[in-house]
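Here are my notes on this model, for you to read with the viewer open.

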Amino acid sequence: MTAQGPPPEEMAALALGPYRVGEMVGKGAFGSVYRGLNLETGATVAIKTFNTVNVPEEELSSIETEIRLLEKLNHSNIVKYMGTMRTENTMNIILEFVESGSLQGLMRKYGGSFPEPLVSFYISQVLEGLEYLHEQGVIHRDIKGANILYESA
């Protein structure tokens, strides 16, 4: 899929219903992720944004399939889905924001390797999440440090 989100300057401070879009926190082949603020509750959220202009129908269908899947998932080791908002040119998936970031970022920040007990802790959490996904009939096909988010203790 190649649907990139709109340029950051178009998203910054954009209002999406009760959410205000903030800075970009990640970018991938499927779009961009922004930090957002729920103006009603003060909660920070992640807003995964896809540009829908000139996107083939099969790619939009793939995004909608991801949304239907996210709606059904409920596990402490899986990022929580909070809703979807569409604009004329974008589809925006509202997700739980994990403040601490990814394992890839953690490894870069602290020197690239961790002692076995810490690795064991993180791997056990990942395996619990994967077990839940498999019980739901879901196979995660992009497991990597950048896609594994962690909460600091």
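1. Ground rules. This is a predicted model, so local features need pLDDT of at least 70 and side-chain atom pairs count only at pLDDT 80 or more, while totals for chains, interfaces and linings use all residues. Residues are numbered from 1 along each chain as its sequence is written, and side-chain values use heavy atoms, with hydrogens and water left out.

2. The main core. A nonpolar core here is a set of buried Ala, Val, Leu, Ile, Met, Phe, Trp, Tyr and Cys residues joined through side-chain atoms within 4.5 Å; buried means under 20% relative accessible area, exposed over 50%, partly exposed in between (1.4 Å probe, protein chains only). The largest one has 22 residues, and Ile93 and Leu133 touch the most other members. Strand E4 (44-51), helix H2 (57-72), strand E6 (90-96), helix H3 (103-109) and helix H4 (116-135) each put in at least two residues. Helices (H or I, at least four residues) and strands (E, at least two) are DSSP runs, numbered from the N terminus. H4 gives the largest share, 5 residues.

3. The other core. A second, separate core has 7 residues, including Leu16, Val21, Tyr34 and Val45.

4. H4 faces. Its buried residues are Tyr122, Val126, Gly129, Leu130, Tyr132 and Leu133. Seen down the axis, these fall within an arc of 160 degrees, so they line one face of H4; the arc is taken over directions from the helix axis to the C-beta atoms. The face turned away from that side carries the exposed Glu116, Pro117, Leu127 and Glu135. Just after H4, Gly137 takes a positive phi of about 80 degrees.

5. Strand pairing. Two strands pair if DSSP finds at least two bridges between them. E4 runs antiparallel to E3 (residues 31-38), with 6 bridges, and antiparallel to E6, with 7 bridges. Arg35 stands opposite Ala46 in E4, and Lys48 has Ile93 in E6 as its bridge partner. The E3-E4 hairpin has 5 residues between the strands, and Gly42 there takes a positive phi near 80 degrees.

6. Worth a click: Asn92, in strand E6. At 0% relative accessibility, Asn92 counts as buried. Its side chain makes a polar contact with the side chain of Thr90 (2.9 Å). A polar contact is a pair of N or O atoms within 3.5 Å; within protein, one must be able to donate a hydrogen and the other to accept it, and residues adjacent in sequence count only if both atoms are side-chain atoms.
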